[in-house]
Amino acid sequence: MTTLPSPYDADEPIPAGTIATAPLVHTAVVSRTDFPMYEMPSLMDGTFSHLVPALEEAGIAPIGPAFSLHRRMPVDTADLEVGFPVDGHLAQTLTLPSGFEVRASVLPAGRVAAASHVGGYDGLAEAWGAFTAQLGEAGEQMAFPFWEFYVTAPTPDIDPATLRTDLFTLLAPREG
């Protein structure tokens, strides 16, 4: 079985401020533009609950946890992709039982910063704020896109305090 390459393969939470070079990774995603933030649970549930069987039927296998990738800062709406990293290029568009269409995409290659958030999803905004502040203090500049890997799959009986989400952002090139 193929697995995610470094820096996405950390067994333990990633220390804040980790900087690495990430390779391009193929993904299978549902893409949305100007998607209302309040509808995010329906997008994620309608994608993640149906995508793995659809990929298997197409001969493609997930190689890591579910993720969301943002092309701009979300406010009331988001421009995003939700899906899975996969072991090859998805050649056709798939339609999920939820009606969402799945297409091929990629996580970009480049210099990235990473950190893990351990806790409930309601703490992600604060985690991103602390992460971006730390990057600024270190003289780094975020670039788009940025993405989250939902390392711990949520289940009805899981303690939200144990959820691990890995945060990644492309970094602007350094001058000099």
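A residue is called buried when its relative accessible area is under 20%, exposed when it is over 50%, and partly exposed in between (1.4 Å probe, protein chains only). The model is predicted, so local features need pLDDT of at least 70 and side-chain atom pairs count only at pLDDT 80 or more, while totals for chains, interfaces and linings use all residues. Residues are numbered from 1 along each chain as its sequence is written, and side-chain values use heavy atoms, with hydrogens and water left out.

Helices (H or I, at least four residues) and strands (E, at least two) are DSSP runs, numbered from the N terminus.

**Helix α1**

Helix α1 covers residues 40-57. Just after α1, glycine 59 has a positive phi of about 80 degrees.

The buried residues of α1 are Met40, Leu43, Met44, Gly46, Thr47, Leu51, Ala54 and Leu55. An α-helix has 3.6 residues a turn, so residues three or four places apart point the same way. The buried residues of the helix pack against β2 (25-36), β3 (67-70), β4 (77-85), β5 (94-95), β6 (101-107) and β8, where contact means heavy atoms within 4.5 Å.

Glutamate 148 lies in strand β8 (residues 142-150). This residue is buried yet has no salt bridge, and the nearest side chain of opposite charge, arginine 164, is 13 Å away. In assigning charge, Lys and Arg count as positive and Asp and Glu as negative; His and the chain ends are not counted. The side chain of glutamate 148 does make a polar contact of 2.5 Å with that of tyrosine 150. A polar contact is a pair of N or O atoms within 3.5 Å; within protein, one must be able to donate a hydrogen and the other to accept it, and residues adjacent in sequence count only if both atoms are side-chain atoms. Beyond four places in sequence, glutamate 148 is in contact with Ala66, Phe67, Ser68, Leu124, Trp128, Thr165, Asp166 and Leu167.

Threonine 165 sits in strand β9 (residues 164-171). Its relative accessible area is 0%, so threonine 165 is buried. With neighbours within four places in sequence set aside, the contacts of threonine 165 include Ala115, Ser116, His117, Tyr121 and Leu124, together with Glu148, Phe149 and Tyr150.

**Salt bridges**

A salt bridge is a side-chain nitrogen of Lys or Arg within 4 Å of a carboxyl oxygen of Asp or Glu. By this rule there are six salt bridges. One of them links arginine 71 and glutamate 81 at 2.9 Å, N to O. Because arginine 71 lies in the loop between β3 and β4 and glutamate 81 in strand β4, the pair ties together parts that are ten residues apart in sequence. Arginine 71 is partly exposed, with a relative accessible area of 41%, whereas glutamate 81, at 1%, is buried.

Arginine 72 and aspartate 79 form a salt bridge at 3.1 Å, N to O. Arginine 72 is partly exposed at 23% relative accessible area, and aspartate 79 counts as buried at 18%. Aspartate 166 and arginine 164 meet in a salt bridge at 2.9 Å, N to O; aspartate 166 is buried at 2% relative accessibility, and arginine 164 is buried at 8%. Salt bridges that share partners join Asp34, Arg72 and Asp79 into one network.

**Backbone exceptions**

Most residues other than glycine have a negative phi, and most peptide bonds are trans. Aspartate 34, in strand β2, has a positive phi near 55 degrees. A cis peptide bond joins phenylalanine 144 to proline 145, with omega about 5 degrees; proline 145 lies in strand β8. Another cis peptide bond, with omega about 15 degrees, joins serine 6 and proline 7, and proline 7 is in the segment before β1.

**The segment before β1**

Proline 5 also lies in the segment before β1 (18-22). This proline is partly exposed, with a relative accessible area of 28%. Not counting residues up to four places away in sequence, proline 5 touches Pro23 and Val25. The C-alpha atoms of proline 5 and aspartate 157 are separated by 30 Å, the two residues being 152 residues apart along the chain.

Terms used
Expected span 1.5 Å × (residues − 1).
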